[in-house]
Number of protein chains: 2
Amino acid sequence: MKLLYTSVLLCLWLTLQDNRVAGRLISVNKPNPKDAAAYARWLVSLNSWGVLNTIAADLGGAPFGNVVSFSDGMPGKGAGIPYFYLTALDPTAAYAFKDQRSSLTLSEYPLGTCGKTDPENPTCAKITLTGKLKLVDGSSKEAEFARSALFAKHREMEDWPKNHNFQIFKLEIGDIFLINWFGGPKPLTVDQYLQWNMSKLTFSS
Amino acid sequence: MKLLYTSVLLCLWLTLQDNRVAGRLISVNKPNPKDAAAYARWLVSLNSWGVLNTIAADLGGAPFGNVVSFSDGMPGKGAGIPYFYLTALDPTAAYAFKDQRSSLTLSEYPLGTCGKTDPENPTCAKITLTGKLKLVDGSSKEAEFARSALFAKHREMEDWPKNHNFQIFKLEIGDIFLINWFGGPKPLTVDQYLQWNMSKLTFSS
């Protein structure tokens with residue numbers, strides 16, 4: 001019986017590990033899809049990686065998506081603005097230096113909260129934040145905040161090679177595209193998104 | 001003892017469910033990172049969704065990423081060309097009708113084969129296929145192949161609303177950006193990618 005108990009606990013632990021983003025657990029209380037601001041902030045706060053798009057001048061101006069890690073704040077305390085830790089050895093940062101037009105795209109699917117729904121089904125949420133990808137002054141207060149936010153969710157970043165010259169970038173959001181139910185994109189302004197108070201979300205622990 | 005055995009089996013089953021893409025199981029034999037063509041085809045074949053990027057004329061020509069489902073063939077038999085089932089009610093198809101420049105970005109991370117490695121760590125692979133997003137003639141042999149490929153991996157697609165006018169699109173690949181280890185992008189031509197023989201991959205069942 002003790003062995004059974006141990007194996008069930010182990011199973012639960014393994015399942016939790018699967019869903020865990022470094023430093024926090026997935027919230028079990030996802031917002032009501034009708035609350036666009038809450039849902040958007042929840043999606044951005046809970047995801048730890050996404051696809052960051054820039055314009056590839058050397059590929060005929062094609063939109064170039066790149067898998068990146070990001071953070072919008074300390075676990076459970078995101079401010080909605082995504083920060084990145086990029087090196088110009090990777091094309092995205094190099095493209096952004098030439099043309100800041102950018103978007104960050106995230107899916108609810110990897111959070112494990114879409115159930116058996118297809119990733120393209122509108123009830124499995126997706127968000128695209130469009131704006132400008134900007135370098136943050138490394139000696140600023142904002143960079144200090146961003147480094148803490150990034151390293152808390154991506155622990156290995158702090159040890160990435162110094163000679164690769166990783167720098168803090170942020171997406172200055174100009175437009176939000178959110179689908180989290182049937183009926184087309186949810187109306188949501190950047191102000192509504194940024195002003196939403198994260199403390200209204202309840203995180204499981 | 002029987003109860004223990006049952007609970008361990010249940011645990012294993014739950015773990016497999018987590019990693020399963022509709023209709024097939026994740027391959028346990030991922031290719032050697034040195035074999036760029038094999039790795040790229042494995043990544044495209046095993047992923048079921050990604051971020052499809054187009055140019056958003058109404059957002060100042062910004063690159064616009066969108067979460068989409070795709071398929072490059074029947075499970076275990078992908079041909080490397082990603083097919084999509086899109087409606088112009090969603091911006092991506094509408095953008096593609098005006099400007100075909102596009103890219104599809106995928107990560108190894110959601111396959112569950114990166115272990116504890118960060119999604120931005122170069123040993124957790126990522127691929128960006130850049131090219132043109134083209135409508136496929138719905139009555140062609142190619143569309144027939146694409147529909148079978150898509151519906152086999154995304155079972156609910158077949159029942160999506162007819163009045164939304166979903167159509168088959170494909171990405172005509174012009175350039176491949178693959179990172180699957182340290183040392184920068186792996187040299188890989190479109191011909192090397194397309195001509196690689198999927199039967200060399202072994203899938204678990």
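Residues are numbered from 1 along each chain as its sequence is written, and chains are lettered from A and ligands numbered from 1 in the order in which they are written.

View 1. The mean pLDDT (the predictor's confidence in each residue, from 0 to 100) of chain A is 89. In chain A, 84% of the residues reach 70 or more. Residues 8-25 of chain A have a pLDDT below 50. Beyond near neighbours in sequence, this stretch has 25 contacts in the model; two residues are in contact if their C-beta atoms, placed from the backbone, lie within 7 Å. Where pLDDT is low, the predicted coordinates should not be read in detail. For the complex, the predictor gives an ipTM of 0.87 and a pTM of 0.88.

**View 2. Chain B against chain A.** In this interface, 44 residues of chain B are in contact with 44 residues of chain A. On the chain B side, the elements that give two or more residues are α1 (2-19), β1 (49-56), β2 (62-69), β4 (101-107) and β5 (126-135). Helices (H or I, at least four residues) and strands (E, at least two) are DSSP runs, numbered from the N terminus.

**View 3. The relation between the two copies.**

**View 4. Helix α2 of chain A.** Of the 11 residues in helix α2 (residues 36-46) of chain A, 10 are buried (20 or more other C-beta atoms within 10 Å of the residue's own, all placed from the backbone). Among them are A:Tyr39, A:Arg41 and A:Trp42. The cover over the buried residues includes β4 (101-107), β5 (126-135), β6 (167-179) and α5 (190-195) of chain A.

**View 5. A:Ala38 in helix α2.** A:Ala38 lies in helix α2 of chain A. Why does A:Ala38 count as partly exposed? A:Ala38 has 19 C-beta neighbours inside 10 Å, and a residue is partly exposed when its number lies between the limits for buried (20 or more) and exposed (12 or fewer). Leaving aside neighbours within four places in sequence, A:Ala38 is in contact with A:Pro31, A:Trp196 and A:Lys200.

Definitions and conventions: Predicted model: local features only at pLDDT ≥ 70, side-chain atom pairs only at ≥ 80, totals over all residues.
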